[in-house]
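Hi,

Here is the model I promised to pass on. Have a look, and then read on for my notes on the charges and the surface.

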Amino acid sequence: EYRRALDGIIISGSREVFAYEMISEKRPAVEVRDAHERRRIARKIQKDVLFFESAPALRRIRNRAYDDFTEFRAVKEGSVTPFETDFMMYDGKLLYTSYDTYEPMAVLIEDESLYTMQKNLFDALWKQATDYTLLPFFSKKA
């Protein structure tokens, strides 16, 4: 079901996704998420990711391969209380994902009013967040 929830993003034909992610956390279903990300990038779907700034999160971004369709910005500690749920928005849909030890639990909500509210909050945080998209280029040792 989690794979189907992620496939919905690809199938929708959306050109952009807005996400809050727990980048530093180890979560189950990594193969499903990695396969989804490869499909998203291959289809040139832009993804803007907000994450909570931490040393482990920055390390993971630094070691990640750069692609032209993913942008990362960090929310400063103290500006928002961190939460342990991934959240994606696309085409009037909200996909919440929580993780337990074994498998993710996904909830999809289709509602334009809720989407607009969440997108406005995302945009406000995005404007004040620190851009780390090019971190892999500036962190490589020569």
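Which residue forms a salt bridge with K47, and how far apart are the closest N and O atoms? It's E37, at 2.9 Å. (A salt bridge here is a side-chain nitrogen of Lys or Arg within 4 Å of a carboxyl oxygen of Asp or Glu.) This pair links distant parts of the chain, with E37 in helix α2 and K47 in strand β2, 10 residues apart. Helices (H or I, at least four residues) and strands (E, at least two) are DSSP runs, numbered from the N terminus.

Before the rest, some ground rules: this is a predicted model, where local features need pLDDT of at least 70 and side-chain atom pairs count only at pLDDT 80 or more, while totals for chains, interfaces and linings use all residues. Residues are numbered from 1 along each chain as its sequence is written, and side-chain values use heavy atoms, with hydrogens and water left out.

Back to K47. Its side chain also meets that of E21 in a salt bridge (2.4 Å, N to O). That one joins strand β2 to strand β1 (residues 16-21), across 26 residues. K47 counts as buried because its relative accessibility is 4%, and E37 is buried too, at 18%. (Buried means under 20% relative accessible area, exposed over 50%, partly exposed in between, with a 1.4 Å probe and protein chains only.)

The whole structure has 9 salt bridges. Another one pairs D123 with K119, at 2.6 Å between the closest N and O atoms. Both lie in helix α4, 4 residues apart, about one turn of the helix. D123 is partly exposed at 25%, whereas K119 is buried at 15%. Salt bridges that share partners also join E21, E37, R40 and K47 into one network.

Most residues other than glycine have a negative phi. K44, however, has a positive phi of about 60°, and D91 has one near 45°. K44 sits in the loop between α2 (30-42) and β2 (46-52) and counts as exposed because its relative accessibility is 52%. D91 is in the loop between β4 (85-90) and β5 (93-99), partly exposed at 42%.

Cheers
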